[in-house]
Amino acid sequence: WADCEGCSYDERGRNVSDETFMRVAPRRERITMVQEDADMQFLLNNLEGDLYVGLNHIQDLFLEEVHHMLEIAHFENEMLFSVYALMLILGWYFVVFRSARLGTLAEVTMAKGFVSYMPLHTMASSEISCITNMFKEVDHEAETLNEPAARPV
């Protein structure tokens, strides 16, 4: 009925300009009927308001269950975030740090190849041992990373 300007009836034929749709008011005949009905009086007044106590217990149980479900959802959300953060950290390690380290070892291998083509026969033996000792630590690191060690010079 919001599309129809000036319409006073909705699709069910109810008068929408009537004030009963604007406010909620109890029907007086229903209140008197509840007060006069013996069965309703029995439910309302028997055992010192047992109906209200029972409804309060149901409401308390419902609220406890909602609270418990929200605690579980909060815990699962924290676990999901923790797993996400852990995956980011491990991903960063394996993708960035490890690939940079392996790239560095590849550069060392290329440097060893360059040194192996140097005319070492023209150098003194102390210079040759200085050049070859530079790569000894790198060979040990390559073995710990399960990489093939560079060939000796």
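Hi everyone. Let me start with a definition: two residues are in contact when they have heavy atoms within 4.5 Å of each other. With that in hand, look at the protein on the screen, which is a predicted model. Among its contacts between residues at least 6 apart in sequence, 39% join residues at least 24 apart.

Now for the overall build. The secondary structure comes to 5 helices and 0 strands, so, reading from the N terminus, the order is simply α-α-α-α-α. Of the 153 residues, 11% are buried. The protein exposes about 13400 Å², and carbon and sulfur atoms supply 63% of that area.

Let's go to the first pair of helices. In general, two packed helices are described by the angle between their axes and the distance between the axes. Here, helix α1 covers residues 28–36 and helix α2 covers residues 38–45; they pack at an angle of about 75 degrees, with axes 5 Å apart. That makes α1 roughly perpendicular to α2, because angles of 65 to 115 degrees count as roughly perpendicular. Which residues meet there? From α1 we have V34, Q35 and E36, and from α2 they meet A38, M40, Q41 and L44.

Last stop, the surface. L86, L90, W92, Y93, F94, V95, V96 and F97 make a nonpolar patch of about 790 Å². Let me pick out one of them, V96, which sits in helix α3, residues 50–116.

Conventions. Residues numbered from 1 in each chain as written. Predicted model: local features only at pLDDT ≥ 70, side-chain atom pairs only at ≥ 80, totals over all residues. Heavy atoms only, no water. Patch = residues over 30% accessible without salt bridge, like charges linked within 9 Å, V, L, I, M, F, W, Y side chains within 5 Å. Areas by Shrake-Rupley, 256 points an atom, 1.4 Å probe, with all protein chains shown as cover. Salt bridge = Lys/Arg side-chain N within 4 Å of Asp/Glu carboxyl O. Helix = DSSP H or I, 4+ residues; strand = E, 2+ residues; numbered from the N terminus. Buried < 20%, exposed > 50% of the residue type's maximum accessible area, 1.4 Å probe, protein only. Axes fitted to C-alpha atoms, helices over the stretch in contact; angles between N-to-C directions. Parallel < 35°, antiparallel > 145°, perpendicular 65-115°, else oblique.
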